[in-house]
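Student: I am new to this structure and would like to know what the words used for it really mean. Could we go through them together?

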Amino acid sequence: MALMTGEQYIESIRNIKMEVYLMGVKVDVPVDNPILRPSLNSVRMTYDLAQLPEYKGLMTATDPETGEEINRFNNIHRSADDLIKKVKMQRLLGQQTASCFQRCVGMDAFNALWSATYDTDKKHGTSYFKNFKKFLDYVKDKDLTVDGAMTDPKGDRSLAPHQQPDPDMYLHIVERRADGIVVKGAKAHQTGALNSHEMIVMPTVAMSPEDKDYAVSFAVPLDAPGLFMIIGRQSCDTRRLELGNGIDVGNAEFGGVEALVVFDNVFVPNDRIFLNGETEFAGTLVERFAGYHRQSYGGCKVGVGDVLIGAAALAADYNGASKASHIKDKLIEMTHLNETLYCCGIACSAEGRQTESGNYIIDLLLANVCKQNVTRFPYEIVRLAEDIAGGLMVTAPSGKDLFDSKLGPVVEKYLHAAPGVKTENRLRVLRLIENLALGGAAVGYRTESMHGAGSPQAQRIMISRQSDIASKKEFAKKIAGIRE
Ligand code: SF4
Ligand code: FE
């Protein structure tokens with residue numbers, strides 16, 4: 001089948017009867033909900049841009065098995081160049097949406113499962129690779145969006161999955177049947193779940209043999225009986241319910257939302273199972289998925305950073321401050337930090353290698369360094385943007401005041417700055433900075449930079465494992481003339 005258009009994508013999601021709750025109320029048509037719609041628009045861009053001739057080969061790839069053009073989000077990376085193009089595509093989408101466009105988790109899950117199922121089958125004689133490939137062929141053919149769900153609620157962090165007083169703190173198998181399994185539990189912080197056709201579930205930690213029922217991976221559609229979502233609250237989200245000119249939301253068209261996805265005894269047929277009790281491969285899957293997603297942040301967060309740097313520069317222009325040397329220097333610093341993240345995303349891709357299963361995996365050390373930097377630099381970039389913007393980004397009157405017959409002229413008069421600059425535009429750019437720094441997009445830019453794809457300590461553990469201190473000691477001994 002051909003690539004879907006953005007419009008076809010929206011309608012295809014509309015046709016899935018999902019069970020979604022927002023602020024205690026069941027949402028009948030999530031696609032048309034004003035709080036949820038901007039997040040759907042972000043995913044839509046992954047379809048719209050793939051239709052444009054100028055992005056062919058970047059937003060799309062050629063499937064080597066069929067020779068057909070597929071969306072790059074459904075691509076299995078076959079070279080280091082594929083890995084680099086992935087990062088460039090993510091930067092482009094970050095620039096165009098200034099938010100999380102959500103489809104990457106599926107792509108990262110595909111590539112992690114491709115090699116992990118292959119390795120599991122090799123050791124255990126299972127048929128997970130065949131199951132997974134059949135699922136992926138279906139996804140590619142229909143140009144679907146797939147969510148990748150990893151993070152369990154985790155309960156008491158000092159206890160392994162099987163030791164938790166409440167067994168549902170990690171998603172697990174509650175029944176094994178001849179035709180499949182029944183699972184129970186939840187996945188937290190699920191970006192894009194409600195904008196996806198299918199969801200891939202993976203374990204969230206390395207496991208021991210006692211955790212057998214928790215070492216499970218599979219795919220289910222979003223309308224699977226027993227599956228429902230509770231949407232996360234975001235700062236300023238109800239501004240999207242206000243009628244008006246959209247100034248106060250900062251980014252009226254795009255956004256991202258997360259959900260707590262609950263699996264209340266969900267049935268998974270045998271041919272949708274990709275891991276079922278082979279505990280030693282739970283860690284493999286986590287490590288590879290996390291590695292790919294840490295690479296991803298060297299693209300998407302850089303693209304959103306581009307928008308924030310542009311917004312800060314515009315705010316300086318509108319304030320009449322752009323010629324001040326400290327402003328120029330702050331913009332240089334923001335650019336330096338942002339491009340450093342991009343360097344990491346490109347480097348871990350360029351250093352990618354082929355796995356035994358045939359696809360390409362990033363350099364894990366560099367991908368973890370990439371994400372570790374992402375836990376820091378966007379905070380500094382936001383700090384500098386707030387510095388340049390000035391306090392008005394959090395004290396400005398509303399768009400309604402600006403367009404009120406009595407108050408409008410007053411707002412116009414007192415918030416006017418550089419000559420020739422419309423006060424409305426000054427307020428628009430300040431609200432965009434507010435959105436990225438503190439509002440809804442801060443979930444996808446600032447706090448997600450900290451915790452998305454694993455919190456900082458998770459990267460430090462991987463950096464420690466990959467750092468090969470032993471050979472570094474040998475370098476030092478040789479140079480220092482040490483013979484032990
Ligand atoms: Fe993609 Fe970035 Fe969102 Fe992850 S955080 S899904 S990499 S846009
Ligand atoms: Fe993320």
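This is a predicted model: local features need pLDDT of at least 70, side-chain atom pairs count only at pLDDT 80 or more; totals for chains, interfaces and linings use all residues.

Student: By class, what makes up the lining of the largest cavity?

Tutor: Eight nonpolar, ten polar and five charged residues. Residues are numbered from 1 along each chain as its sequence is written, chains are lettered from A and ligands numbered from 1 in the order in which they are written, and side-chain values use heavy atoms, leaving out hydrogens and water.

Student: What makes a space a cavity, and how many of 30 Å³ or more are found?

Tutor: On a 1 Å grid over the protein atoms alone, it is a set of points where a 1.4 Å probe fits but cannot get out; a lining residue has an atom within 4 Å of a point. Points are joined across faces, edges and corners, and the volume is the space filled by probe spheres set on them. The search of the whole structure finds two of 30 Å³ or more. The largest holds about 190 Å³. It is lined by 23 residues, and Ser235, Arg240, Asn435, Gly440 and Ala441 are the closest to its centre. Two or more lining residues come from each of α2 (37-48), α13 (423-437) and α14 (440-451); such helices are DSSP runs of H or I with at least four residues, numbered from the N terminus.

Student: What does the lining of the second largest cavity have, by class?

Tutor: Eight nonpolar, no polar and two charged residues. Asp152 and Lys187 belong to this lining, and Asp and Lys count as charged. The volume is about 30 Å³.

Student: Why is alanine 98 called buried?

Tutor: Buried means under 20% relative accessible area (1.4 Å probe, protein chains only). Alanine 98 has 6%, so the word applies. Alanine 98 sits in the loop between α3 (80-97) and α4 (104-124), with a positive phi near 50°.

Student: How do you know that alanine 453 is buried or exposed?

Tutor: Its relative accessible area is 17%, so alanine 453 is buried as well. Alanine 453 lies in the loop between α14 and α15 (456-466), and its phi, near 60°, is positive too.

Student: What makes a group of residues a nonpolar core?

Tutor: The members are buried Ala, Val, Leu, Ile, Met, Phe, Trp, Tyr and Cys residues, joined through side-chain atoms within 4.5 Å. In the largest core, with 72 residues, Ile200, Met229 and Phe263 touch the most other members. Helix α4 gives this core its largest share, seven residues. A second, separate core has 61 residues, including Met59 and Leu432.

Methods: On a 1 Å grid over the protein atoms alone, a cavity is a set of points where a 1.4 Å probe fits but cannot get out, and a pocket is an open set with protein on both sides within 12 Å along at least five of seven lines; lining residues have an atom within 4 Å of a point. Buried means under 20% relative accessible area, exposed over 50%, partly exposed in between (1.4 Å probe, protein chains only).
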